[in-house]
Amino acid sequence: MKTQKQQTENLLVYKNWLDLCQKKSARLARASDKISLLRGIVFALAGVFLFLGYQQKNAVYFFLAVLPGMAFLMLIVYHNRLEAERECLKDSESVLEEYIARFDDGWKNFPADGARYLSDDFLEAVDLDLFGKSSLYQYICTASTTFGQDQLARLLCLSGGGLRKKSLAEIKCRQQAVLELSQKTEFCMKFETGARRLRKMEYEKCRKIMDDFFHAMEKEIHFPRVCRAIIWLFPALTMSCLFLALAGVWRKFAMPAFFALSFIQLMSAFLGYPWNSRALAPVYQMNREIAPYRKLFQLLETESFDSPYLNALQRDLSENGPASVALKELEEIAGCVCARHNIYAFLLYNSLFLYDYHCMERYGKWKEKYRGSLKRWLLTLGKAEALISLSVISKTRRSCLPEIIDTDCGEPVFTALDLRHPLLGEAVSVGNDIKLSPGACVITGSNMSGKTTFMRSIGVNLALAYAGGFCAASGMRVCLMKLCTSIRTQDNVSEGISTFYAELLRIRKMIEASEKKLPMISLIDEIYKGTNSKDRIYAAAETVRRLAKPYAITLITTHDFELCDLENDADIAVKNYHFREYYKEEKLHFDYKLREGRCTTTNARYLLHMAGIL
């Protein structure tokens with residue numbers, strides 16, 4: 001269990017790390033400026049020596065120009081290294097700033113909100129704010145790759161269905177991995193920092209590039225043996241002729257032969273240019289992404305893990321050779337492909353070495369070797385990113401890993417201590433202890449007293465529990481249940497569906513799901529609010545009777561106190577709970593604590609007065 005004190009300590013750690021990164025970045029910036037100035041001086045000095053050597057026809061000056069020239073090249077290498085380190089520090093700062101932002105409301109400005117994953121097939125995601133603006137996904141997502149983002153979304157959707165007996169073992173394996181990652185803060189920071197530059201490309205564009213690359217991987221590059229021999233023979237003959245001509249051996253024959261062979265090679269490159277360009281285009285498009293992926297593979301491969309799930313991910317990366325080695329080779333191929341896009345390099349390399357065809361041959365061999373592995377490696381990387389995201393709440397909120405049990409009797413189980421909504425800051429969130437039994441819970445309370453937030457707290461934490469992540473509670477014990485909700489129902493003008501009818505459709509699905517007699521939990525907010533009070537009370541009472549089953553937990557919030565009388569019906573299991581308000585110095589206050597029994601107070605008149613209506 002993570003306490004508030006631990007979260008405060010985490011915040012201080014992140015702030016200290018950020019301060020160190022900023023100071024180091026400032027030092028590197030000053031050093032980079034000095035190196036840039038020194039590089040200019042050295043370059044100018046080399047130019048002066050060359051000019052003096054040319055003017056005075058003195059070889060000594062040319063010799064002296066070599067030293068500053070070499071120093072200039074060394075300074076370029078050193079300066080590039082400094083700039084790379086500065087870029088890495090910027091990425092680290094970005095990661096740390098996001099963690100700090102999660103301790104207040106700054107996370108609501110994160111660009112990745114997962115709105116693309118909203119679907120009519122899983123409307124519970126809308127009710128519980130799992131995806132979209134100010135959502136759970138926006139809060140916890142640290143994934144930078146499209147694979148990691150997709151994997152995280154898939155795990156958060158498990159509560160909508162598809163949970164089976166074997167899901168329990170899978171969830172517990174993920175929990176062990178998430179717990180271990182929550183304790184490997186330094187590793188997670190390195191991993192998130194290494195992946196950060198992959199966020200610079202939009203999801204849709206990156207997805208298209210990856211899909212094009214996978215599609216290209218399925219196409220074989222046929223190189224007959226004769227062609228393989230030719231692309232090595234012609235460059236060898238061309239360079240031999242050039243060497244003989246420069247050495248003065250058979251110059252009259254060697255020089256014309258060199259030009260003829262160079263011309264033939266260049267023409268063949270032009271003839272094959274459309275085919276080569278189409279085949280190599282996916283590699284060229286992925287050029288900037290390969291190095292970050294390689295570094296992430298390397299981090300996963302070299303880290304020591306204890307949990308079976310993380311060790312299994314490592315084994316996936318080592319199948320068919322280490323993934324980082326394969327990506328290193330692909331990175332080199334991509335560098336060669338990029339070189340051919342320079343017109344001068346294209347003309348020179350192809351006239352001497354049949355460069356394009358060598359790129360094609362090398363790329364073809366790489367595809368043949370790793371065709372069946374690359375996508376699996378990237379999916380493995382995505383799973384690791386999703387697990388790191390699921391550990392975020394342990395670093396920013398009071399949290400625990402829930403105990404998920406298997407109920408042989410089929411009765412649903414939900415018990416939580418100090419249950420909170422994970423998207424509410426520690427300063428404003430209020431925890432509640434709750435033990436839900438099979439049957440229905442009717443929750444009453446005045447406006448703004450916390451009924452809907454409490455209901456969402458249950459749903460969001462269940463989604464986190466089934467994903468294998470930490471929950472915002474001191475303790476939580478649940479079984480596998482299908483989660484159904486009717487909280488944020490909307491009308492559909494184009495299909496002629498009113499808000500009331502939309503709610504009916506949602507509740508009908510709950511009743512249909514209950515007929516399977518499998519554990520389920522239903523959350524219904526302001527039941528049948530879209531119709532008149534007489535029909536609402538009657539319909540709500542009948543719905544409670546249909547859903548109050550021994551294998552189902554149903555929570556219903558309402559302003560109709562008449563539904564509280566169902567607790568006295570011996571034929572159904574119904575229990576009343578309520579939230580209440582209190583007044584201090586003529587001001588309305590809420591403590592957001594759940595209590596047993598029915599509500600006895602209202603505040604509508606007070607709110608009308610505050611709004612200036614009464």
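Modeller: I443 has T557, in β8, as its bridge partner. This is a predicted model, in which local features need pLDDT of at least 70 and side-chain atom pairs count only at pLDDT 80 or more, whereas totals for chains, interfaces and linings use all residues. Residues are numbered from 1 along each chain as its sequence is written, and side-chain values use heavy atoms, with hydrogens and water left out.

Strand β8 covers residues 552-557 and runs parallel to β4, to which 5 bridges join it. Strands (E, at least two residues) and helices (H or I, at least four) are DSSP runs numbered from the N terminus, and two strands pair if DSSP finds at least two bridges between them. On this basis β4 (residues 439-445) also pairs with β9, in the parallel sense and over 6 bridges; here C441 stands opposite K575. Strand β9 (residues 574-579) is in turn joined by 2 bridges to β12 (residues 595-596), and these two run antiparallel, with Y577 opposite E596. Of the 6 residues of β9, 5 are buried, so the strand is largely enclosed by the rest of the structure; buried means under 20% relative accessible area, exposed over 50%, and partly exposed in between (1.4 Å probe, protein chains only).

The open sheet as a whole has 6 strands, in the order β6-β7-β8-β4-β9-β12, with mixed pairing. Its edges are β6 (482-486) and β12; each has a single partner strand, so one side of each lacks a neighbour in the sheet. Helix α20 (residues 499-514) packs on the sheet, touching β6 and β7 (520-524), and its direction makes about 165° with that of β7. Contact means heavy atoms within 4.5 Å; axes are lines fitted to C-alpha atoms, for helices over the stretch in contact, and angles run from 0 to 180 degrees between N-to-C directions.

Finally, the surroundings. The largest nonpolar core has 133 residues, and I140, F414, I458, L462, M476, I521 and L555 have the most contacts inside it. Helix α19 (residues 451-467) gives the most to this core, 10 residues. Another core, of 24 residues, lies apart from it and includes A513 and Y528. A nonpolar core is a set of buried Ala, Val, Leu, Ile, Met, Phe, Trp, Tyr and Cys residues joined through side-chain atoms within 4.5 Å.
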